[in-house]
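Reader: I am new to this structure and would like to know what stands behind the terms used for it. Please show it first.

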Amino acid sequence: MQYHSPASFAEASQLAAAATGTTRFLAGGTDVLVQLRADIVTPDTLIDIKKIPGTRDITRNADGSWTLGVAVSGAEMGEHAALVADWPGVVEAMNLVGSTQVQGRATLTGNLCNGSPAADSVPAMVAAGVTATVTGPNGERKVPVGSIPTGPGRTSLAKGEVVSALHIPARGEHAGDAYLRFIPRSEMDIAVVGCAVNLRLDGDTISEARVSLGAVAPTVLLVEDAAAAIVGSTLDDAALDRLAAAASAACKPINDKRGTIEFRTQVAGVLARRVARIAYARAKGEIIKGHHG
Amino acid sequence: MSKIHVSTTVNGDAVEYLCDPRETLLDCLRDKLSLTGAKEGCGTGDCGACSVTLDGRLVCSCLVLGVEAEGKEIGTVEGIADGDVLHPLQQKFIDYAALQCGICTPGILVAAKALLEQNPDPTEEEVRFWLAGNLCRCTGYDKIIRAVMDTARDMREAV
């Protein structure tokens, strides 16, 4: 295994483009090193991107949007009060991944590029409208994060391409986001269903919404019917019923040891109701702490 | 396979080693630096027996490559005591018999110390969640949690 620690993403991309065999990028390593040690994936080329300037930075831009370096850990996100205030759902989703030790290393970008349908942070990022800069042999392109995972363990990134930054939109006024997942225990488990809601209010009425589900399909889902079910409402009981029905209807889950198709489908609706209520309350200015807040 | 030279700091001491890029920080600590306090339990980041700090941040050393330690500051259980004087957590773990086989203990001490440095007055729930990544198959956790809570109280009163 060749280990490289390039000084720029252009160099990282060139190394990956020129490499033969299996290539992996190393950020927090909480998936890559597990796969290496379990002999699931043994890279021929390992490219550590953490020596690249800016990869540990959390930056609030002049327009209120955020740029996150690809090696920012979950713990660093959770300790960033202004980021938590703007995007509590994205942060609480990331903070649900693994233990304290894993939080010290694990990253949003790694969670995204690992390609697990159950990745906690990905539905939250999709609901928030997060985009990624992808650096490749032909320069940079910007894509919605939801376009990167294409199936379990697979991504749309071409040979030589690497995610070089994440961009979270400006929060704006009267808006909130939230994420919940179901697991059969209280900690250290993988989502059976995950749900994120991001919405904006005009007075008491929802003017914009994005609803995303994880672990109920081969990839993260952005459920437009679920968003349409609550836009224009005050999140009254009828709207919540429509939301839950739309979330359940979007599910295409598998049966496995974590949950059956029927269970996952029902829980998606239950979580959508709960998450929407939290996002709504946050949009009203309430401080609702996450599981680890 | 060519080896890579790594210069790092462990418990305040400058150290160097040569490692294969596949070797973990845990392997390097144990096999090259003879610091055998950190234990390999699962090797996949689930059990926390290999917990160390990396630039002050709690991590599993089995999920860090030895080469990633270049220029970093590593803290292990060997650095917790002040010479012959045990850290209050270590003394309290003895007083409470908060261990049986002891394999998990170094990782739990490193993790608990990191918690108390960040949060000197944790609730029991906060202690339990913080230590959720440190598995103990002997004690049932009760004495561990009580030892950490009592140490926190003693350390607050000592300030």
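This is a predicted model: local features need pLDDT of at least 70, side-chain atom pairs count only at pLDDT 80 or more; totals for chains, interfaces and linings use all residues.

Reader: What makes residues of domain 1 and domain 2 of chain B count as being in contact?

Author: Two residues are in contact if their C-beta atoms, placed from the backbone, lie within 7 Å. The contact involves 14 residues of domain 1 of chain B and 11 residues of domain 2 of chain B. On the domain 1 side, strand β3 (residues 51–54) of chain B supplies the largest share, 3 residues. Strands here are DSSP runs of E with at least two residues, helices are runs of H or I with at least four, and both are numbered from the N terminus.

Reader: How do you know which residues of that side of domain 1 of chain B are nonpolar, polar or charged?

Author: Ala, Val, Leu, Ile, Met, Phe, Trp, Tyr, Cys and Pro count as nonpolar, Asp, Glu, Lys and Arg as charged, and the others, Gly among them, as polar. By that division the side of domain 1 of chain B that touches domain 2 of chain B has 7 nonpolar, 6 polar and 1 charged.

Reader: What makes β3(B) and β4(B) a pair?

Author: Two strands pair if DSSP finds at least two bridges between them. β3(B) has 4 bridges to strand β4 (residues 57–60) of chain B, in the antiparallel sense, and B:S51 has B:C60 as its bridge partner. The two strands form a hairpin with 2 residues between them, and B:D55 in the turn has a positive phi of about 50 degrees. β3(B) also has 2 bridges to strand β5 (residues 73–75) of chain B, again antiparallel, with B:T53 opposite B:G75.

Reader: Why is A:G269 called buried?

Author: A residue is buried if 20 or more other C-beta atoms lie within 10 Å of its own, exposed if 12 or fewer, and partly exposed in between, with C-beta atoms placed from the backbone. A:G269 has 22 C-beta neighbours inside 10 Å, so A:G269 counts as buried. Its place is in helix α11 of chain A. Leaving out residues up to four places away in sequence, A:G269 touches A:A244, A:A245, A:A247 and A:S248.

Reader: Which elements of chain A are mostly covered, and which are hardly covered?

Author: Helix α8 of chain A is mostly covered, with 8 of its 8 residues buried; among them are A:P123 and A:M125. Just after α8(A), A:G129 takes a positive phi of about 80 degrees. Strand β7 (residues 139–144) of chain A is hardly covered, with 0 buried residues among its 6. β7(A) is joined by 6 bridges to strand β6 (residues 131–136) of chain A, running antiparallel, and 2 residues link β6(A) to β7(A) in a hairpin.

Reader: Why are β11 and β14 of chain A described as standing at the edges?

Author: The open sheet has 4 strands in the order β11-β12-β13-β14 (chain A), with antiparallel pairing. β11 (175–182) and β14 (221–222) of chain A each have a single partner strand, so one side of each is left without a neighbour in the sheet. Between β11(A) and strand β12 (residues 193–202) of chain A there are 8 bridges, and A:G176 stands opposite A:L199.

Reader: What angle does α8(A) make with β12(A)?

Author: Helix α8 (residues 121–128) of chain A runs at about 20 degrees to β12(A), lying across β11, β12, β13 (205–214) and β14 of chain A. Helix α11 (residues 261–283) of chain A packs on the sheet too, touching β11, β12 and β13 of chain A, at about 35 degrees to β12(A). Axes are lines fitted to C-alpha atoms, for helices over the stretch in contact, and angles run from 0 to 180 degrees between N-to-C directions.

Technical notes
Residues are numbered from 1 along each chain as its sequence is written. Chains are lettered from A and ligands numbered from 1 in the order in which they are written.
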